[in-house]
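Thanks for coming. Please have the view open.

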Amino acid sequence: MRSCDAIVIGAGHNGLAAAVLLQQAGLSTVCLESKRYAGGMASTVELFDGYKFEIAGSLQFPTSATVSRELGLDVLPTIDMDVMSVSLRGVGDDPVVYYTDLMRLMTHLNEVHGTEVVNGMAGLMAWSQAPARALGRFDAGRPPKTLDEMYACAADEFERSSITDLLFGSVTDVLDRYLPDKDKHGALRGMLAFLAVNTTYRGPATPGSAAALAFGLAVPDENAVLMKKPRGGIGALTAHLQDLFTSAGGELRLRTKVTEIRVAGGRVMGVRTEDGSTLDAPFVVSCVAPDLTLTHLVPPGAVAAEVRERFSRVDHRGSYVQMHFALDGAPEFAAPYELLNDPAMQAAIGLFSMPEELQQQWEDCRRGIVPADPAIAFQIPSAQDPDLAPAGKHSASAFSLWFPIESPHADYARLKAEMGQRVIDKITRLAPNFARLISKHTTFTPRHMGIMFGAPEGDYCHGLIHPEQMGPNRPGPNGYADQPLGVEGLYLGSAGCHGGPGITFIPGYNAAHAVLADN
């Protein structure tokens, strides 16, 4: 039996953030990770010889400037990108190019897509501001707001109605208001719908889906930093945190699965690992999904039955495939999409469906039907970061909705192969040489992501962005605002906590500061 001051369970981005802050504050900290490498879903992994992939996350989300500064994230090298992404429907439409320079973006939207789009996007940005404040999107070190506090964020009736949209509205409700032309605004509507519903198990016309749109659209203020693309892939962020932790004297143990958080007399005593050994500590930060922490790691009698039951109701239904490709060369996009042959345009290419199509595809997937024309977020990160692939070759990835997760187990392999092929076919329609360039590829479903990263049901959010799982209904370090854990020394710090999801580091930051406040 060994002892330390603090134990962090999980060495993903939130776990490493918490471990760094605790160790730097003088607490002897051990970080335990069940997998063979640190970083979790914020990792850059060599899946094939010489080909490296961002295994799940690919961007540092807009986050608190305080968090970024305390963790030293603001000094890491990033890729200087002129274009963040390109969106199109793939039906001969004019692509929407998201230039990182705001004036260039506005000029492009005005000249190519019309003043209605400029005005519509301005309206959407205005709509998103009050919901972002209500959700505490960029807050660090603060608890989630109650419903009354959320509405108190509104300065006028327009902002109150925006918060009501957040809680009860749909993505389609909001898009129809600001970008009503379904043909002319098709690529934009498709991108925004995809941005929202990929963190839900709801179609864009389903009530409650607007919460995810508000979360995704949140515009950073002076207290936040913009979205960034790290050089070396998203794993550069967690590699940096790992270095900070170990150089400060912290101990990282890989392939060490925690099977129990030991509790006695209402307080944490430490943990037990899979090999039966124990480690003592007065503080334990769990960066495993909150519901798994309370229902699998904490002994049943250690928390009140009503607390355990509330955590057991979290919705985790991930419905997607993620594919990674080793390519023997660069895809060549055919007319009218030749502009995509510019490497500057290849960081993120959205091949999107209309919101109405996405809704139907979601409804179909619930009946076991693979989308005939799936919406795809496609990336060729090696186009701007060549170290991610061998010389002259490329690493590419695709993320697509909706995979039929409610289908019988016997159909799973067939559906996976079917959907993977449809993703390849759709990309090949736009880049005719794409299929021929593939030397190796792999397809991950929610089931794979659950096994690889402990993401329950493949839910990389650790709690989907449904309004009933946000705000006061998303736990903080000590549990729900109106229902604390009741276990002294236990803290929650995963993406399923307030401040998440996404690669924001805020949940881990909040958990560490809660420990330090109680120390």
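Start at G26, which sits just after helix α1 and takes a positive phi of about 105°. Keep in mind that this is a predicted model.

Now step back to α1 itself, residues 13-24. Its twelve residues should span 16 Å at 1.5 Å a residue, and the end C-alpha atoms are 16 Å apart, so the two values agree.

Is α1 mostly covered or mostly uncovered? Mostly covered: eleven of the twelve residues are buried. Among the buried ones are H13, N14, L16, V20 and Q23. What do the buried residues pack against? On the strand side there are β2 (6-9), β3 (29-32) and β14 (283-286). The helices are α2 (65-70), α10 (235-247) and α17 (506-518).

Next, the sheet. Seven strands make an open sheet with mixed pairing, and the order is β8-β7-β16-β17-β18-β15-β19. The edges are β8 (96-99) and β19 (438-444); each has a single partner strand, so one side of each is left without a neighbour in the sheet. On average, neighbouring strands here are turned by 15° against each other, ignoring direction.

β8 pairs with β7, residues 83-88, in the antiparallel sense, over four bridges.

Last item: helix α8, residues 186-197, lies across β7, β8, β17 (375-379) and β18 (394-401). Relative to β8, α8 runs at about 60°.

That's it from me.

Methods
Residues are numbered from 1 along each chain as its sequence is written. This is a predicted model: local features need pLDDT of at least 70, side-chain atom pairs count only at pLDDT 80 or more; totals for chains, interfaces and linings use all residues. Side-chain values use heavy atoms; hydrogens and water are left out. Two strands pair if DSSP finds at least two bridges between them. Helices (H or I, at least four residues) and strands (E, at least two) are DSSP runs, numbered from the N terminus. Axes are lines fitted to C-alpha atoms, for helices over the stretch in contact, and angles run from 0 to 180 degrees between N-to-C directions. Contact means heavy atoms within 4.5 Å. The expected span of a helix is 1.5 Å times one less than its number of residues. Buried means under 20% relative accessible area, exposed over 50%, partly exposed in between (1.4 Å probe, protein chains only).
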